[in-house]
Amino acid sequence: MEAVDALLSRVSAPRLTGSVPASLLADMVQAAQRAPDHAQLSPYRFLAITGDGRTALGELMVAARLADAPDTDVTTLDKLRLKPLRAPMIIVGIASPTPHPKVPEIEQLLTAGIALQNMSSMAWARGFGAIWRTGDLAYSKHLQAGLGLVAHEQITGFLYIGEVEGRLKTPSKPISAELLAHWP
Ligand SMILES: Cc1cc2nc3c(=O)[nH]c(=O)nc-3n(C[C@H](O)[C@H](O)[C@H](O)COP(=O)(O)O)c2cc1C
C-alpha cells in the first residue's frame with residue numbers, strides 16, 4: 001500500500017486471525033526505530049508474544065488481577081484468560097526512559113508511543129490489521145513484573161496484530177476547526 005493511502009485509511013482491527021510472518025515483524029521493528037528520538041536514546045523495547053505464549057499471558061493477567069483485586073469473580077477471570085487469544089501475535093510496547101539532562105521523560109514516552117504506532121502503521125501498510133489496547137492491567141505492577149519490566153519501565157500498549165477478520169469500519173474523521181487553528 002502507498003504510504004499516503006496507509007496513513008489516511010488506517011483503522012483498528014478488533015478481530016484478527018491467521019499468522020504474522022517473520023518478515024512483517026522485522027519490518028515493524030525497523031519502522032519502530034524510525035520514531036523521532038531526541039538524543040537517540042531508543043527509550044523503548046518490545047516483547048512479541050505468539051502461540052502458547054498467549055496462553056501464558058492470559059494466566060499472567062489472571063494472576064495479576066487476583067493480586068490487585070482478590071475478590072474478582074470467576075466469570076471475569078475466565079474472560080480475562082482468553083483475551084490474549086484474540087490475535088495470533090501481541091506486541092507488548094514498553095517505554096524504557098533513562099534520565100537525560102536534555103530529554104525529559106515525557107519526550108521519551110512520546111517516542112515510545114510513536115514507535116508502537118509505527119509498528120501498527122507498518123502492519124496496516126503491509127495488509128495486516130492491528131489494534132492498540134491497554135486496560136487496567138497495563139498499569140498493574142504484578143503484570144509488569146511478570147513480563148520482566150524493571151522499575152523505570154511502563155507498558156505503552158498491547159498491540160494485537162494479525163490478518164483482518166470481517167469488515168472494518170470506514171474512517172470518517174473530517175478535519176474539525178477545533179483541531180487546527182492558524183496562529184497568530
Ligand atoms: C494508549 C492507547 C490505549 C488504548 N487502549 C484501548 C483499550 O484498552 N481498549 C480498546 O478497545 N481500545 C483502546 N484504544 C483505542 C483503540 O486502539 C482504537 O484506536 C480505537 O478503538 C479507535 O479506533 P480507530 O483506531 O479505528 O480509530 C487505545 C488507544 C491508545 C492510543
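User: How many nonpolar, polar and charged residues are in the shell around the ligand?
Analyst: Keep in mind that this is a predicted model. The shell has three nonpolar residues, four polar ones and one charged one.

User: Which residues are around the ligand?
Analyst: Val11, Ser12, Ile131, Trp132, Arg133, Thr134, Gly135 and Gly157.

User: And what gives the largest share of that shell?
Analyst: Strand S4, residues 129-133. It supplies three residues.

User: New topic: helices. At what angle do the axes of H3 and H4 cross?
Analyst: Roughly 145°. H3 spans residues 52-68 and H4 spans 74-82, and their axes come within 7 Å. The crossing is right-handed.

User: Which residues make the contact?
Analyst: From H3, they are Gly58, Glu59, Met61, Val62 and Arg65. From H4, they are Leu77, Leu80, Arg81 and Leu82. By class, that contact has five nonpolar, one polar and three charged residues.

User: Take Met61. Is it buried or exposed, and why?
Analyst: Methionine 61 counts as buried, because it has 23 C-beta neighbours inside 10 Å. The cut-off for buried is 20 or more.

User: What does methionine 61 touch, not counting residues up to four places away in sequence?
Analyst: Leu80, Arg81, Lys83, Leu137 and Leu143.

User: Now the largest nonpolar core. Which residues touch the most other members?
Analyst: Ile90, Met119, Ala123, Ala130, Leu159, Tyr160 and Ile161. The core has 33 residues.

User: Which element gives the most to this core?
Analyst: H5, with seven residues. Helix H5 covers 105-125. Other elements that each supply at least two residues include helix H2 (22-32), strand S3 (89-95) and strand S5 (154-164).

User: Last one: where is arginine 86?
Analyst: In the loop between H4 and S3. Arginine 86 counts as partly exposed, because it has 17 C-beta neighbours inside 10 Å.

User: What is arginine 86 in contact with, leaving aside neighbours within four places in sequence?
Analyst: Leu16 and Tyr160. Arginine 86 and tyrosine 160 are 74 residues apart in sequence, and their C-alpha atoms are 7.6 Å apart in space.

Methods: Residues numbered from 1 in each chain as written. Predicted model: local features only at pLDDT ≥ 70, side-chain atom pairs only at ≥ 80, totals over all residues. Near = placed C-beta within 6 Å. Helix = DSSP H or I, 4+ residues; strand = E, 2+ residues; numbered from the N terminus. Nonpolar A, V, L, I, M, F, W, Y, C, P; charged D, E, K, R; others polar. Axes fitted to C-alpha atoms, helices over the stretch in contact; angles between N-to-C directions. Left-handed = near helix turned anticlockwise from the far one by under 90°. Contact = placed C-beta atoms within 7 Å. Core = buried A, V, L, I, M, F, W, Y, C linked by C-beta atoms within 7 Å. Buried ≥ 20, exposed ≤ 12 C-beta atoms within 10 Å, placed from the backbone.
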